Amino acid sequence: MQKSEQMVRYGSGQGVERPLGRSIQRGMLNRCPNCGTGRLFRAFLKPVDACAACGEEMFHHRADDLPAYLVIVVVGHVLLTGYMLTDMAFRVSPWVHLAIWVPIAVLAALVTIQPIKGGVIGLQWALKMHGFGGHDDEAADPGTDSRRGGPAA
Ligand SMILES: [Zn+2]
């Protein structure tokens, strides 16, 4: 077998080193996606720089706005369904609906944002994005260095 053939790996079998589902699940449970033991968050939405149990570096993550978007998608659908169902069953004024659904929306967003952010970090770790695979994002992008400064420089 040639050396290049050994390097190629397709799909995700049992022996895969970073299973996607398990990594997302561990992240959503506030656990390190690598070992599943150490905590992922040191504060509400502040991930640890590195896992206290296994030392896996976590500062690479770039969850950015994605957790917030996902919270809006999930909470929005659930609340809209709840609003429409209760509006069909009970005829109440829009002010009553506002008084009910706005606090529920705030609470639901606060409850879901940390697990969803953990899941996003687990996803990025599993897919070796943003330096989680041991390489730098900047080095992998050929367009960043050569075009900086323009032709006059
Ligand atoms: Zn760990």
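Predicted model: local features only at pLDDT ≥ 70, side-chain atom pairs only at ≥ 80, totals over all residues.
**Contacts and overall make-up**

I looked up the sequence separation of contacts in the chain: among those between residues at least 6 apart in sequence, 53% join residues at least 24 apart. Residues are numbered from 1 along each chain as its sequence is written.

I found five helices and zero strands, in the order α-α-α-α-α from the N terminus. Helices (H or I, at least four residues) and strands (E, at least two) are DSSP runs, numbered from the N terminus. Of the 153 residues in the chain, 20% are buried. I call a residue buried if 20 or more other C-beta atoms lie within 10 Å of its own, exposed if 12 or fewer, and partly exposed in between, with C-beta atoms placed from the backbone.

**Helix 2 against helix 4**

I examined helix 2 (residues 20–28) and helix 4 (residues 94–126), whose axes come within 6 Å and cross at roughly 145 degrees. Axes here are lines fitted to C-alpha atoms, for helices over the stretch in contact, and angles run from 0 to 180 degrees between N-to-C directions. The crossing of helix 2 and helix 4 is right-handed; a crossing has this hand if the near helix is turned clockwise from the far one by less than a right angle, and is left-handed if anticlockwise.

On the helix 2 side I listed Leu20, Ser23, Ile24, Arg26, Gly27 and Met28; their partners in helix 4 include Pro115, Gly118, Ile121 and Trp125. By class, this contact has eight nonpolar, five polar and one charged residues. Ala, Val, Leu, Ile, Met, Phe, Trp, Tyr, Cys and Pro count as nonpolar, Asp, Glu, Lys and Arg as charged, and the others, Gly among them, as polar.

**Helix 3 and the annotated spans**

The 24 residues of helix 3 should span 34 Å, and its end C-alpha atoms are 35 Å apart, which agrees. Its buried residues are Pro67, Val71 and Val75, and what covers them includes helix 4. An α-helix has 3.6 residues a turn, so residues three or four places apart point the same way.

I then consulted the unreviewed UniProt entry, whose annotation "transmembrane region" covers residues 66–86 and 92–113. Such annotations may be inferred rather than shown by experiment. Residues 66–86 are 100% helix and 0% strand, with end C-alpha atoms 30 Å apart. Residues 92–113 are 91% helix and 0% strand, and their end C-alpha atoms are 30 Å apart.

**Loop residues**

Which residues is Ala52 in contact with, leaving aside its neighbours within four places in sequence? I found Gly38 and Arg39. Ala52 and Arg39 are 13 residues apart in sequence and 7.2 Å apart in space, C-alpha to C-alpha. Ala52 lies in the loop between helix 2 and helix 3 (66–89), and is partly exposed because 14 other C-beta atoms lie within 10 Å.

I checked Asp64, in the loop between helix 2 and helix 3: its phi is positive, about 50 degrees, although it is not a glycine. Asp64 is exposed, with 10 other C-beta atoms within 10 Å.

Lys128, in the loop between helix 4 and helix 5 (137–140), has a positive phi of about 55 degrees and is likewise not a glycine. With 14 C-beta neighbours inside 10 Å, I recorded Lys128 as partly exposed.

How values were computed: Contact = placed C-beta atoms within 7 Å. Expected span 1.5 Å × (residues − 1).
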